[in-house]
Amino acid sequence: MRITEGQLRQIIREALFAEAAITPETAEERGVTFKVDVTLRNIEIVVTEADDDTAVVGQLYAGKIEESRSIDQKGVWAIYKSNSSIKGLGPLMYDLMIDLIHPASLVSDRLMVSKDAKRVWDYYMNNRGDVEALQLDNLEDELTPGFKDDNYDQNSAENWAFTERQPWHASSLSKAYRRQGGGTPTLDALEGLGIIDIAR
């Protein structure tokens, strides 16, 4: 079987992405700590240098989407801001957010997603056996006519689909993600290492 040049590029990108991702153990070695502020409708993750809690190296914010509308009645949270100055920290923050909202699902920003964030969602969809991808419908109810609980704004998926020349529902941004089989391994590891502080 021959692979196309595009497929080869995708394989290389995914390998580089996996190699660059930071684990809880490498986060401890790098000397960073995680501070989490949890409210009823918002979660904020702030990552700082361990010896200087004013030196912010990463942030991730998520907000709860309407409780009454959920594909599985467990709730859906959306990322609405993320940034990181350490290569590979983003995926670890996303994993932590998935654990913090468990058993609810996590979706991308519904309006706009950066190229770096899109790589994280692509990796979840294509390479993470421990993360389940749940297909969402658009507001026009195109995929599941008559079932409204899975209808979400698909603007970011539609924008990327246009760029990538694929249907919007093939995009990683058109899905919600949660741990396959439950559990909170990233949160557990960070707590075990003593590098996370959660304010509820």
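# Why the labels fit

Q: Why does R128 count as buried?
A: R128 has a relative accessibility of 17%. Buried means under 20%. So R128 counts as buried.

Q: What kind of model is this?
A: This is a predicted model.

Q: Why does D130 count as partly exposed?
A: Its relative accessibility is 32%. Buried needs under 20%, exposed needs over 50%, and partly exposed lies in between. So D130 counts as partly exposed.

Q: What makes the pair D130 and R128 a salt bridge?
A: The cut-off for a salt bridge, from side-chain nitrogen to carboxyl oxygen, is within 4 Å. The side chains of D130 and R128 meet at 2.8 Å, N to O. So the pair is a salt bridge.

Q: Is D141 buried or exposed?
A: D141 has 7% relative accessibility. The limit for buried is under 20%. So D141 counts as buried.

Q: What makes K118 and D122 a salt bridge?
A: The closest N and O atoms of K118 and D122 are 2.7 Å apart. A salt bridge asks for within 4 Å, so K118 and D122 qualify.

Q: Why are K118 and D122 separated by about one helical turn?
A: They are four residues apart in helix α4, so about one helical turn separates them. Both K118 and D122 are buried.

Q: How many salt bridges does the structure hold?
A: It holds nine.

Q: Why is α3 called oblique to α4?
A: The axes of α3 (residues 89–101) and α4 cross at roughly 60°. Roughly parallel needs under 35 degrees, and roughly perpendicular starts at 65. The angle falls between those two limits, so α3 is oblique to α4. The two axes come within 10 Å, and the crossing is right-handed.

Q: Which residues of α3 and α4 meet?
A: From α3 come P91, Y94, D95 and I98. From α4 come A117, V120, W121 and Y124.

Q: Which residues make the contact between α3 and α6?
A: On α3 they are L92, D95, L96, D99 and L100. On α6 they are P185, T186, L187 and L190.

Q: How do you know that the buried residues of α6 lie on the same side?
A: The buried residues are T186, L187 and L190. They cover an arc of only 100° around the axis, which puts them on the same side of α6. These residues pack against α2 (24–30), β1 (32–38), α3, β7 and β8 (196–199).

Q: What follows α6?
A: G194 follows α6, and its phi is positive, near 70°.

Q: Which residues are buried in α5?
A: In α5 (residues 155–164), they are S156, A157, W160 and A161.

Q: Why do the buried residues of α5 line one face?
A: Seen down the helix axis, they fall within an arc of 130°, so they line one face. What covers them includes α4 (115–127). The face turned away from the buried side carries F162 and T163, which are exposed.

Q: What follows α5?
A: R165 does, with a positive phi near 55°.

Q: Why does S174 count as buried?
A: Buried means under 20%. S174 has 0% relative accessibility, so it counts as buried. S174 sits in the loop between α5 and β7 (175–179).

Q: What does S174 touch, beyond residues up to four places away in sequence?
A: S174 touches L134, Q135, L136, Q154, A157, W168 and H169.

Q: How many helices and strands does the chain have?
A: The chain has six helices and eight strands. From the N terminus, the elements run α-α-β-β-β-β-α-β-α-β-α-β-α-β.

Q: What share of the chain counts as buried?
A: Of its 200 residues, 45% count as buried.

Note on methods
Residues numbered from 1 in each chain as written. Predicted model: local features only at pLDDT ≥ 70, side-chain atom pairs only at ≥ 80, totals over all residues. Heavy atoms only, no water. Buried < 20%, exposed > 50% of the residue type's maximum accessible area, 1.4 Å probe, protein only. Arc of directions from axis to C-beta. Contact = heavy atoms within 4.5 Å. Axes fitted to C-alpha atoms, helices over the stretch in contact; angles between N-to-C directions. Parallel < 35°, antiparallel > 145°, perpendicular 65-115°, else oblique. Left-handed = near helix turned anticlockwise from the far one by under 90°.
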